[in-house]
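Hi,

Here is the structure I promised to pass on. Have a look, and my notes follow below.

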Amino acid sequence: MNTAEVLDVFRSAGAVLEGHFILTSGLRSPVFLQKARVFMHADKTEKLCRALAAKIRAEVDGPIDYVVGPAIGGLIPAYETSRHLGVPAVWVEREQGVFRLRRFELEKGARVVIVEDIVTTGLSIRETIACLRDLGAEVVAAACIIDRSAGKTDVGVPLIALAEYEVPAYPADALPPELAAIPAVKPGSRNI
Ligand SMILES: O=P(O)(O)OC[C@H]1O[C@H](OP(=O)(O)OP(=O)(O)O)[C@H](O)[C@@H]1O
Ligand SMILES: O=C(O)c1cc(=O)[nH]c(=O)[nH]1
Ligand SMILES: [Mg+2]
């Protein structure tokens, strides 16, 4: 799938929101990709994740033991992508703000691929990598449905994006006036 086809799926699900959004990084943006509105549809999710799995298979050398999804947004795409890769999916979730693998054990040296929904700054993927490395896993790649940085973010491992879609994002103290005029909402789950 190319970026236009991926964005068509998001648009067809009403998942491309416009307004004033506080992102998980603290940056502000006039556009928010509400992935949950895509993932509520099994057929749309299957189409995206089948394509992402094929891209992962083409770009990762060697075996993959697990797919890891950062909760909440990564849960469904990680599970569905793992189905197409034929490997188990586990997830990390926040405990007092820090990603932990609370419900699973990984063998030392397990080769894992992180599957995220959206990447903006890559902060959530870097936090996930830190958690997995502390457990002795080898993070061979990270993957996402949409990379809002359009390839500019460096997460320290290869980042495989199904689509790259550059969207403006601003520090809270440097908002353009048209954005400052709209009340801000925070759709994500960090700090909840
Ligand atoms: O690249 P980043 O700057 O880290 O931004 C992307 C992250 O933001 C969202 O998660 P969020 O923490 O908003 O919560 P959610 O997964 O519950 O939606 C999204 O699911 C990614 O995990
Ligand atoms: O950066 C984010 O927090 C973010 C952006 C976006 O478009 N969608 C999302 O779920 N999170
Ligand atoms: Mg998330």
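Helices and strands here are DSSP runs numbered from the N terminus, H or I of at least four residues for helices and E of at least two for strands. α3 spans residues 42-59 and α4 residues 75-85; their axes come within 8 Å and cross at roughly 60°. Axes are lines fitted to C-alpha atoms, for helices over the stretch in contact, with angles running from 0 to 180 degrees between N-to-C directions. The two helices are therefore oblique to each other (under 35 degrees is roughly parallel, over 145 roughly antiparallel, 65 to 115 roughly perpendicular, the rest oblique).

On the α3 side, T45, E46, C49, R50, L52, A53, I56 and R57 meet I76, P77, E80, T81, H84 and L85 of α4, where contact is C-beta atoms, placed from the backbone, within 7 Å. These contact residues divide into seven nonpolar, three polar and four charged. For the classes, Ala, Val, Leu, Ile, Met, Phe, Trp, Tyr, Cys and Pro count as nonpolar, Asp, Glu, Lys and Arg as charged, and the others, Gly among them, as polar.

Before the ligands, some bookkeeping. This is a predicted model, with local features needing pLDDT of at least 70 and side-chain atom pairs counting only at pLDDT 80 or more, while totals for chains, interfaces and linings use all residues. Residues are numbered from 1 along each chain as its sequence is written, and chains are lettered from A and ligands numbered from 1 in the order in which they are written.

Ligand 1 has 17 residues around it, of which T24, G73, S124, G188 and S189 come nearest (a residue counts if its C-beta atom, placed from the backbone, lies within 6 Å). β6 (111-119) and α5 (123-134) each supply at least two residues of that shell, and β6 gives the largest share, four residues. By class, the ligand 1 shell has five nonpolar, nine polar and three charged residues.

Around ligand 2 sit L23, T24, S25, F32, L33, K35, G73, I118, T120, R148 and G188: four nonpolar, five polar and two charged.

An unreviewed UniProt entry annotates T120 and R148 as "binding site"; UniProt positions follow the numbering used here, feature names are shortened, and annotations may be inferred rather than shown by experiment. Although spread over 29 residues of sequence, they cluster in space, with a largest C-alpha distance of 4.9 Å. T120 is in the loop between β6 and α5.

Cheers

Notes. Two residues are in contact if their C-beta atoms, placed from the backbone, lie within 7 Å.
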